[in-house]
Structure formats: structure tokens, C-alpha cells
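The sequence and the model are shown first.

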Amino acid sequence: MISSTLLKQYLLYINQHTCLQKLKCIHWMNKKALPQEAYCPTTIEHIANILTHGIWIIPSIVGTLELVNRSKDSDHLLSALIYGATLIFLFSISTSFHCVFYCNKYRHLKNVLHRCDRAMIYVFIAGSYFPWLTLEPLPHEGWASRMRWIVWCLAFIGIAYQQIFHEKYKMLETIFYVIMGIGPVFPILVENRSRCSPKYFSNLPPPEGNNP
């Protein structure tokens with residue numbers, strides 16, 4: 001009887017001190033932030049944010065150098081530099097912001113880095129589109145021909161909005177991210193589709209040497 005009681009107590013003790021129980025006791029996330037307020041991450045979230053952003057800084061630099069080395073002309077070089085720069089700045093600024101936020105000091109610096117971190121999302125979207133819109137043989141007329149510069153205009157508009165209404169209207173800001181992320185694709189797809197239509201090919205001049 002005594003041995004069975006001791007065994008039960010021992011098993012209960014083991015169960016309470018397992019890794020699973022310890023993991024359950026960790027405070028993973030805080031409550032959702034109120035409207036027009038910034039979310040305050042837990043210690044675990046701070047560390048995760050620093051690691052998941054910081055580990056990509058060096059690969060971004062290496063990848064940018066590789067793209068530059070493989071560039072064949074000025075357009076390739078410009079695309080590699082712009083895309084690589086936006087990638088490096090994205091992870092560097094985000095890592096710096098999360099480090100300062102985790103230290104819980106330098107409130108003014110944290111606010112500046114937070115704004116820069118949000119702004120880099122718009123810059124990175126535009127920088128990601130730039131190689132495709134520069135190197136892809138797009139139509140010379142219509143929206144597609146101007147989309148390379150329109151996407152940067154959208155980025156500056158988004159940054160201006162984000163700086164003016166910082167931490168306000170978060171749903172609207174998310175909608176802006178989505179619109180800028182997928183919006184530039186549609187005019188290009190529509191114009192490319194129209195180029196593949198039979199009507200487009202019927203209006204093309206006949207090849208030289210085949211005229212009757």
C-alpha cells in the first residue's frame with residue numbers, strides 16, 4: 001500500500017516536471033493590442049524576431065554579391081543592386097528594431113526604427129518587382145510599360161501614409177500591403193493576354209520576304 005502510494009507520487013512528480021509541462025508554463029504571447037496601440041511582444045517573441053530576421057542578413061549580402069557577379073549588362077546590374085539593397089536593409093533594420101525593442105531602452109530610437117521597419121515593407125515590395133519589371137520583355141505601351149515606376153510611387157505613398165498614421169487603422173494598412181503586393185501583376189497579365197489573342201496577331205504586319 002505504501003509502495004503504491006509512493007509510486008503514484010513519484011509519477012505525479014515526474015509528470016509535473018516534464019519538458020511538456022515546462023513548455024506549457026512559458027508565456028508565449030501577450031494579448032492582442034488595442035486599436036491604435038502597438039503590440040508588446042513577450043521575451044520569447046523578442047528573441048524569435050531577432051533570430052528569424054538576423055540570420056538572413058549575411059545570406060542577403062552573399063546573394064547580392066552573387067547576383068552582381070552574374071550580371072550581364074547594366075539592367076542586370078541595376079536590378080541586382082536594387083533588389084539586394086532592399087533585401088539587406090529589410091533584415092538589417094528589422095533586426096536592429098527588435099534588438100532595441102528587446103532592450104527596452106532608447107524609446108526615441110525604437111520609434112524611429114519601428115517606422116523604418118514598416119516603411120521597408122513597401123520598399124522591399126517595390127524592390128522585388130523591379131528586376132521583373134526591368135528585365136521582362138513587357139509591352140511598350142499601356143500600364144505595363146509604366147509599372148516599374150508606378151510601383152515605386154505606390155511605395156512612397158504607402159510610406160507617407162504609414163508615417164502620418166503610424167499604428168492607426170491597421171486593417172487599412174494591411175490592405176495597402178496586399179494591394180501593392182498583387183496589384184502591379186494584373187495590368188501586365190491583362191496586356192500579355194491581349195497580346196496572345198488572335199486579334200493581336202491578325203493586326204501584325206507580315207514578315208519581310210513573304211509579301212506577295
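Of the 212 residues in the protein chain, 26% are buried, where buried means under 20% relative accessible area, exposed over 50% and partly exposed in between (1.4 Å probe, protein chains only). The model is predicted, so that local features need pLDDT of at least 70 and side-chain atom pairs count only at pLDDT 80 or more, while totals for chains, interfaces and linings use all residues. Residues are numbered from 1 along each chain as its sequence is written, and side-chain values use heavy atoms, with hydrogens and water left out.

**Overall fold**

The protein chain has 10 helices and 0 strands; helices (H or I, at least four residues) and strands (E, at least two) are DSSP runs numbered from the N terminus. Along the sequence the pattern is α-α-α-α-α-α-α-α-α-α. Among the contacts (heavy atoms within 4.5 Å) in the protein chain with a separation of 6 or more, 68% are between residues 24 or more positions apart. The accessible surface comes to about 15,100 Å², and carbon and sulfur atoms hold 68% of it; the areas come from the Shrake-Rupley method with a 1.4 Å probe, and for residues only the protein chains shown count as cover.

**Helix packing**

The axes of helix 4 (residues 57–69) and helix 5 lie 9 Å apart at an angle of about 175 degrees. Helix 4 is therefore roughly antiparallel to helix 5. Axes are lines fitted to C-alpha atoms, for helices over the stretch in contact, and angles run from 0 to 180 degrees between N-to-C directions. Angles under 35 degrees count as roughly parallel, over 145 as roughly antiparallel, 65 to 115 as roughly perpendicular and the rest as oblique. On the helix 4 side the contact includes I57, I61 and V68, which meet residues of helix 5 including L77, L81 and F91. The contact residues of this pair are 11 nonpolar, 5 polar and no charged. Here Ala, Val, Leu, Ile, Met, Phe, Trp, Tyr, Cys and Pro count as nonpolar, Asp, Glu, Lys and Arg as charged, and the others, Gly among them, as polar.

Helix 6 (residues 107–135) and helix 8 (residues 170–182) have axes that come within 10 Å and cross at roughly 10 degrees. These two helices are therefore roughly parallel to each other. Helix 6 contributes R118, I121, Y122, I125, A126 and Y129 to the contact, and helix 8 contributes E173, F176, Y177, M180, G181 and I182. The division is 9 nonpolar, 1 polar and 2 charged.

Leaving aside neighbours within four places in sequence, W152 touches I82, V123, A126, G127 and F130.

**Single residues**

| Residue | Relative accessibility | Class |
|---|---|---|
| S94 | 3% | buried |
| I47 | 36% | partly exposed |
| K31 | 76% | exposed |

S94 sits in helix 5 (residues 74–103) and, not counting residues up to four places away in sequence, touches H53, F89 and D117. I47 belongs to helix 3 (residues 43–54), and its C-alpha atom is 8.3 Å from that of H98, 51 residues away along the chain. K31 is in the loop between helix 2 (19–25) and helix 3.
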